[in-house]
2 protein chains.
Amino acid sequence: MADINSQFDIGVTTGPIRGSRKIHVGKLGVAMREIDLEGGEPSVRVYDTSGPYTDPAAQIDIRKGLPQLRREWQLARGDVEEYAAREVKPEDNGQLGPDRSGGVPAFPNVAKTVLRAKPGANLSQMHYARRGIITPEMEYVAERENLGREFIRREVEGNSWGAAIPEYVTPEFVRDEVARGRAIIPSNVNHPEAEPMAIGRNFLVKINANIGNSAVASDVASEVDKMVWSIRWGADTVMDLSTGRNIHDTREWIIRNSPVPIGTVPIYQALEKVGGIAEDLTWEIFRDTLIEQAEQGVDYFTIHAGVRLPYVPMTAKRVTGIVSRGGSIMAKWCLAHHKESFLYERFDEITEIMKAYDIAYSLGDGLRPGSIADANDEAQFAELYTLGELTKRAWEQDVQVMIEGPGHVPMHKIKENMDKQLESCGEAPFYTLGPLVTDIAPGYDHITSGIGAAMIGWFGTAMLCYVTPKEHLGLPDRDDVKVGVVTYKLAAHAADLAKGHPAAKVRDDALSKARFEFRWRDQFNLSLDPDTAEQYHDQTLPAEGAKTAHFCSMCGPKFCSMKITQEVRDFAAKQNSDSYLAATVPVEDAEAGMEKMSEVYAEKGNELYLPDE
Amino acid sequence: MADINSQFDIGVTTGPIRGSRKIHVGKLGVAMREIDLEGGEPSVRVYDTSGPYTDPAAQIDIRKGLPQLRREWQLARGDVEEYAAREVKPEDNGQLGPDRSGGVPAFPNVAKTVLRAKPGANLSQMHYARRGIITPEMEYVAERENLGREFIRREVEGNSWGAAIPEYVTPEFVRDEVARGRAIIPSNVNHPEAEPMAIGRNFLVKINANIGNSAVASDVASEVDKMVWSIRWGADTVMDLSTGRNIHDTREWIIRNSPVPIGTVPIYQALEKVGGIAEDLTWEIFRDTLIEQAEQGVDYFTIHAGVRLPYVPMTAKRVTGIVSRGGSIMAKWCLAHHKESFLYERFDEITEIMKAYDIAYSLGDGLRPGSIADANDEAQFAELYTLGELTKRAWEQDVQVMIEGPGHVPMHKIKENMDKQLESCGEAPFYTLGPLVTDIAPGYDHITSGIGAAMIGWFGTAMLCYVTPKEHLGLPDRDDVKVGVVTYKLAAHAADLAKGHPAAKVRDDALSKARFEFRWRDQFNLSLDPDTAEQYHDQTLPAEGAKTAHFCSMCGPKFCSMKITQEVRDFAAKQNSDSYLAATVPVEDAEAGMEKMSEVYAEKGNELYLPDE
């Protein structure tokens, strides 16, 4: 099932996800997965972030990177110029230069030239959208969000708290959402390998996985492996949050091989370049880092431009101060220089860079609460207000924006976050980290935050940034990455269900039907993690015959409620289908019908143990 | 840390929970745990369900059982008579009699006599409460719910959706809640070993752990071990749901050694006695089973008296039919006999037994939805309506009642369940199984259900029945039990926090303060699972020195936001405490203050790396 494609010392997991078949739909060949079922049941299509790695027809060579899916569309627009990429300097890989002790070289096929906007042009999807242009990226998104289904009028119920989720997504709908700023399609011109996706309240709720090394742990090979592993299980975007050695090279390996958008926090690399001394950060170093990362193809930048000098004292009485790395770095810089943040002051210059490459803003929540005590405080909302102001400024240049959010928030304070964000930020997509609904369970913070994430996703948050079991304790390994991703997939899906998204309930219904009919393999294959589901089942019932058994070890054959229900229905249906199967039969009629049913049932011998099919 | 107390082949885990000290508070010696902290911080008290097993002063001998904590209080009431217990029959341990192949005998110290009410008496805590009597059980509960704290007026905020959580719990408050039926204290006269606890909306949210064997898996020794293991991690009650061999003996070992109330579903054992043939169940066999279990000391019975004959057809069109074991058994019986459920018809006779021993009803949700598709349907609410009717009937006899609830419910339908239950059942405590907010993640159903549980606990549910990672796949082992318990503890605590329970936030604040100050051991010790938190931390930073390091492997020393925040604060505080620490300083004044601060900061050398304390 899983091949390891190893060159040098980098291995990634390839091969189909158990039970799923890769398909490509429509004229753009939009990638999805189809799960075939037994018993004549229709196949179920599901959204697929895993890229070519799960496509048995794909040739994976991580030294070369993925195919440049979007390159022709980009060139066809006629608004880009090719130019010589900036020289990579040793300090791009950390103050001590690159560390080759792990056996991994720089990416061997770095492009010598890169693309950017011609002078005066603007490559942002929002810019095209506002000019009424439906790009191939928007068409791809529409096909993808519909899961390739035809338009079928279906009764959908839910509570989306005022969102406008369409029954069927048209390319025009996508264009309109992007034009309004209510959705973004993060798609740097220099990351043509990425499969287009949308982040927005009226689309499927998305999730992000964080990877990246630290000075203390991990290496290039592990991080590339984690990226591929995370998208296998469902990460819609990946952020490379590396803060250790080989930052530039790690990112190059990742972007060239990533079918999903990649986000970064450029201030980290800038801080490494100045040896970790926040006060030594300058606009020039930061700007150079933006260009460096833009040329590599980063699709969105977290910019903590809301951490303003006057807001820093508002954190003085907090229990956990400033928990954002970037936020604390900028706070230190502001105080040391007694100056307003250069990110805030130079914001329009940053925007010029964003529009030249089509990089989306992820306006950072540097003052987010890192404890229940600090939730929804003055510092947090002061920053949110500023992020709203900056959103408008970015939109004046048609640059795409999403807004980052908390953090640690008790359940009764979650809705207020959504309401204030909608109010302040013009419906720009919200992208939260959880939130965690209690502080008392380190080791289980994927769960404490999964609760808040499901709720805030339901309320309208467009993307949920995952949290792993290692949160607050250490850097996550690949097992943690998987657990975090699956936890956030289920939270995002629970939100889609509650919002009444037309594409959501199909999967729950198919899985529950499979469960009820004891189609065990179908149940596993339809689940978010078929490997684990089967493994857990097989811990007590490993024999192949158990995969068609009408019980499991929870209850055994005599006590399985689904088995008993099936038997009751089978008999009733055979003998008296009219009154039993009509669920709306009035009580008196039901009793009359069942009397007859009972006579026949007794005649059949009241068998509890039916032979297995 | 953990001793294994092994006799025969039964071992249980003993020894203190890491970082906690057992204490006994007040004249009743109410058991709690205290967590001592470093750095001069006040100790934090937490609610403790682990019983004598974590008390280093206790002598544990599982052949003898726990001390009979409540026996003197019971006898002092003068309303009980002692009589010869019913003879244990072989079929009490399954149709084939007891299975000794596991090496475990019957409990060696079974009492020859048991207690019950004198003729005409009523042992129910509700009966005492309604007569204005404050029992020692109610006093114990009050002390326990206050966590032994003094009354301190504190500002508490939250949203309890109309609950009436007091700032401080008095014995009179407990009496009043029990008298109204809004809380129960499950406390069979024959389970004097149990430490009294309350289940009710205006008390701390409680959790239940399910254990018990099936025909396919597990044995007596494992089940006793699981009971002790589950309460160690926080289970407030335990249900023994055994359906395999040795049902009677397993239960005896469990009850004699359980410091928490024990619940059962008597229909399971009754079904075993008739060889698994539901149609052969009779009232007489069922009644005898109730007496058998009442004499052993079961504190609450799940009775599926709401699965009425006319409701069964309402499940015909469901995706997953009837998923409750007891519900499906009763449905089969009703159809086979074409009669109304004997549980419904004989309800008042069951109530007579309940009042003679003080057993609480857990009115079963036999028609709960087992899939998203079936949530909030006609069958489910028809049963709920009947449970409301039965609640009133039980209350006419002053018998304690709680109401069981779903199941599988998408988020937007959860509140309706709470609202309808409050409306139908006279505010009797609600006791739900999750609910799961999506069906698509078997293997992760502790999480899909933890989300729904946290929400419905916030809305007013009094007890949350846990779900383990093995749900839908197989019988949980002890690792699954722990993960399920900790998940549900965090969900219950998140609900307490959101409701504004005065005792809740203390722990979050203490842990976050420890986190911020890099008191790693304190952070672990304050968490729900100190062992796992430390283990995860040590995976990347095992050295002892790391326990005082101002970073972990997530970010390393240069990027730790909390470390950076600390440095910023330390400098500012030393140089200009007035303007920095005053969080309400106006922007203009802050800027003036910070200019001065910045000058001094530069003078001090802008040191980022402070020597560790």
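A: Start with one cut-off. A residue is buried under 20% relative accessible area, exposed over 50%, and partly exposed in between. Keep in mind that this is a predicted model.

Take helix α4 of chain A, residues 171-180, which holds both A:Arg175 and A:Glu172. Their side chains meet in a salt bridge, at 2.8 Å from N to O. The two residues sit three places apart, about one turn of the helix. Side chains of opposite charge can pair when their charged atoms come close.

Are the two partners buried or exposed? A:Glu172 has a relative accessible area of 39%, so it counts as partly exposed. A:Arg175 has 13%, so it is buried.

After α4(B) comes B:Gly181, with a positive phi near 85 degrees.

A:Gln125 lies in α2 (residues 125-130) of chain A. At 1% relative accessibility, A:Gln125 is buried. Leaving out residues up to four places away in sequence, A:Gln125 touches A:Arg77, A:Thr135, A:Glu137, A:Met138, A:Val178, A:Ile185, A:Ser187, A:Asp358 and A:Gln400. One of these, A:Val178, brings us back to α4(A), which runs over residues 171-180.

Back to charged pairs. The whole structure has 116 salt bridges over all chains. One of them joins A:Lys22 and A:Asp48, whose closest N and O atoms are 2.5 Å apart. This pair links distant parts of the chain, 26 residues apart. A:Lys22 is in strand β3 (residues 20-25) of chain A, while A:Asp48 is in the loop between β5 (44-46) and α1 (71-76). Both A:Lys22 and A:Asp48 are buried.

B:Arg393 and B:Glu389 form a salt bridge, with closest N and O atoms 3.6 Å apart. They lie four residues apart in helix α12 (residues 378-396) of chain B, so about one helical turn separates them. B:Glu389 is partly exposed, at 28% relative accessible area. Pairs can also share partners: one network takes in A:Arg86, A:Lys89, A:Asp92, A:Arg251, A:Lys273, A:Asp288 and A:Glu292.

Next, the backbone. A:Asn376 is not a glycine, yet its phi is positive, about 60 degrees. A:Asn376 lies in the loop between β14 (360-363) and α12 (378-396) of chain A. It is buried, at 13% relative accessibility. B:Glu427 is another non-glycine with a positive phi, about 70 degrees. Its place is the loop between α13 and β16 (430-433) of chain B. B:Glu427 is partly exposed, at 30%.

Cis peptide bonds turn up too. One joins A:Pro406 and A:Gly407, with omega about 10 degrees. A:Gly407 lies in the loop between β15 (401-405) and α13 of chain A. Another joins B:Pro406 and B:Gly407, again with omega about 10 degrees.

The axes of α13(A) and α14(A), residues 445-459, come within 10 Å and cross at roughly 40 degrees. The crossing is right-handed. Here A:Ile414, A:Lys415, A:Asn417 and A:Met418 of α13(A) meet A:Gly452, A:Met455, A:Ile456 and A:Phe459 of α14(A). These contact residues divide into five nonpolar, two polar and one charged.

Finish with nonpolar packing. In soluble globular proteins, nonpolar side chains tend to be buried together. The largest nonpolar core here has 350 residues. B:Met411 is among those with the most contacts inside it. Beyond four places in sequence, B:Met411 touches residues of both chains, including A:Met455, A:Trp458, B:Val437 and B:Ile451.

Conventions. Residues are numbered from 1 along each chain as its sequence is written. Chains are lettered from A and ligands numbered from 1 in the order in which they are written. This is a predicted model: local features need pLDDT of at least 70, side-chain atom pairs count only at pLDDT 80 or more; totals for chains, interfaces and linings use all residues. Side-chain values use heavy atoms; hydrogens and water are left out. Axes are lines fitted to C-alpha atoms, for helices over the stretch in contact, and angles run from 0 to 180 degrees between N-to-C directions. A crossing is left-handed if the near helix is turned anticlockwise from the far one by less than a right angle, and right-handed if clockwise. Contact means heavy atoms within 4.5 Å. Ala, Val, Leu, Ile, Met, Phe, Trp, Tyr, Cys and Pro count as nonpolar, Asp, Glu, Lys and Arg as charged, and the others, Gly among them, as polar. A nonpolar core is a set of buried Ala, Val, Leu, Ile, Met, Phe, Trp, Tyr and Cys residues joined through side-chain atoms within 4.5 Å. Buried means under 20% relative accessible area, exposed over 50%, partly exposed in between (1.4 Å probe, protein chains only). A salt bridge is a side-chain nitrogen of Lys or Arg within 4 Å of a carboxyl oxygen of Asp or Glu.
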